[in-house]
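Thanks for coming. The structure comes up now.

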Amino acid sequence: MKGLEQKRIILGVTGGIAAYKSAELVRRLMEQGADVQVVMTTAACEFITPLTFQALSGHPVRCESFDTSSEAAMSHIELARWADAVLVAPCSANTLAKIAGGIADNLLTTLILATDAPLLLAPAMNQQMWAQSTTAENVNSLAVKGIKILGPDIGEQACGDLGAGRMLEPDQLVDALIQSFQHLAFAGQRILITAGPTREAIDPVRFLSNRSSGKMGYALARAAREAGAAVTLISGPSVLATPAGIDVISVETAAEMHSAVMAHISKAGIFIGCAAVADYRLAEPASEKLKKQADSIQLTLVKNADILAEVAALPNPPFTVGFAAETSHLIENAREKLQRKHLNLIAANQVGDNQGFDQDDNELTVIWQDGQVELPSSSKNQLAKKLLEIIAQHYFQKSQPENNEKHPT
Ligand code: CTP
């Protein structure tokens with residue numbers, strides 16, 4: 001099988017002398033079975049004609065955002081949804097900066113903002129421009145978001161300079177693209193994740209909540225997205241930025257989280273309950289602000305639904321992963337929750353004494369029916385990646401072949 005069979009690739013071409021190599025790149029991508037549509041910036045059209053790309057790709061080439069005839073054939077939003085991956089080669093310093101800053105001022109940058117497909121950039125620029133700290137900052141912020149930066153190569157440049165800034169060769173770019181698809185463990189899978197705390201109203205100005213920041217759940221959502229999954233994140237109140245390419249549903253109470261999960265669960269092949277859901281809510285929150293009169297007051301609390309247990313008890317449950325935050329008897333308590341809630345996996349973490357909640361680092365023990373593995377202390381981003389690897393091992397082992405067919409995206 002060819003490396004890019006049935007893969008739909010948008011090739012973005014920006015203004016730079018390396019644009020001539022992109023014609024060869026289209027040929028190489030198509031040799032690997034890809035369906036390629038080319039989107040050019042106006043500056044790119046100064047270096048190579050759209051007609052060249054049209055002849056090679058067999059598709060009309062798009063340059064302008066508001067070309068009504070092209071929009072009628074396939075709007076830029078449809079184009080953004082059509083793509084399995086977007087490769088920008090060559091990617092100029094200008095376009096790189098715009099993507100890093102979320103600017104959408106031409107068709108290419110607009111569709112990059114509108115797509116949830118993986119994005120790969122092959123920078124090509126003068127070595128001095130590549131060495132600038134602003135370019136380095138842009139590259140770092142893109143890499144943190146999971147955008148792949150391919151190259152640049154070091155060598156002699158068209159301007160006569162010697163240094164880093166040459167676009168990688170078409171063959172190297174095609175190999176990188178093929179690899180990026182192979183590494184996507186969750187390509188074609190839908191994952192539903194809960195994150196953060198919930199808030200249960202006492203009166204219009206006060207609530208009961210907990211110390212969860214949402215960091216672990218957001219890290220999991222980003223890692224799942226990077227691993228190719230379509231991710232829906234149902235988040236309680238959190239100050240964290242909405243991760244790119246993830247469908248985020250914001251909720252406040254446990255009841256709202258419960259409804260949002262139940263509304264989306266049928267499409268998910270995997271559910272990860274990472275939220276610190278309040279176990280209880282007020283039986284009757286006051287409709288007016290409580291006044292400070294009595295020396296003591298009593299709040300009557302009633303139990304909230306256990307979202308995780310309900311998901312695992314569905315007639316056709318997804319692969320269900322829970323978390324257990326414990327202050328003592330970590331493994332015992334987590335194993336008991338795994339059994340009681342009929343989970344596939346549970347990630348146990350010690351909390352209290354400045355551990356767990358709202359920290360950037362953590363350690364987990366991942367437990368299943370007949371085994372467990374320790375994930376030693378590291379950043380929540382690293383832990384999220386490792387936990388997803390373990391989920392992938394168990395999920396694909398358990399679900400072959402029917403689950404993959406049951407939950408296509
Ligand atoms: N959970 C949930 N809904 C709830 C309570 C918890 O989905 N109403 C999920 C959490 O997202 C987590 C797991 O259940 O994945 C464990 O939560 P935890 O509070 O540790 O366990 P509880 O079952 O509430 O048990 P306890 O509070 O007695 O330790």
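Predicted model: local features only at pLDDT ≥ 70, side-chain atom pairs only at ≥ 80, totals over all residues.

Lysine 341 uses its side chain instead, with an N or O atom 2.6 Å from an oxygen atom of the ligand.

Which residues are the closest to the ligand? They are Gly273, Ala275, Phe323, Lys337 and Lys341, out of 13 that surround it. In terms of secondary structure, helix H12, residues 307–312, and strand E16, residues 319–326, each supply at least two residues of the shell. E16 gives the most, with three residues. The ligand sits in the largest pocket.

Now the salt bridges. A search of the whole structure returns 15. I will go through one network, which links Glu24, Arg27, Arg28, Glu31 and Asp171.

Start with arginine 27. The side chain of arginine 27 forms a salt bridge with glutamate 24 at 3.2 Å, N to O. Why are these two about one helical turn apart? Because they are three residues apart in helix H1, which spans residues 19–31. Arginine 27 is partly exposed at 40% relative accessible area, and glutamate 24 is partly exposed at 26%.

Arginine 27 has a salt bridge with glutamate 31 as well, at 3.4 Å, N to O. Here the spacing is four residues in H1, so the separation is again about one helical turn. Glutamate 31 counts as partly exposed, with 43% relative accessibility.

Then there is arginine 28, whose side chain meets that of aspartate 171 in a salt bridge at 2.4 Å, N to O. Arginine 28 is in helix H1 and aspartate 171 is in helix H9, residues 170–182, so this pair ties together parts that are 143 residues apart in sequence. Are the two partners buried, exposed or partly exposed? Arginine 28 is partly exposed, with a relative accessible area of 23%. Aspartate 171 is partly exposed too, at 41%.

That is the end of my part.

How values were computed. Residues numbered from 1 in each chain as written. Heavy atoms only, no water. Salt bridge = Lys/Arg side-chain N within 4 Å of Asp/Glu carboxyl O. Buried < 20%, exposed > 50% of the residue type's maximum accessible area, 1.4 Å probe, protein only. Near = heavy atom within 4 Å. Polar contact = N/O pair within 3.5 Å; in protein donor to acceptor, adjacent residues only side chain to side chain. 1 Å grid on protein atoms, 1.4 Å probe; cavity = no way out; pocket = protein on both sides within 12 Å on 5 of 7 lines; lining within 4 Å. Sits in = over half its atoms within 2 Å of the grid points.
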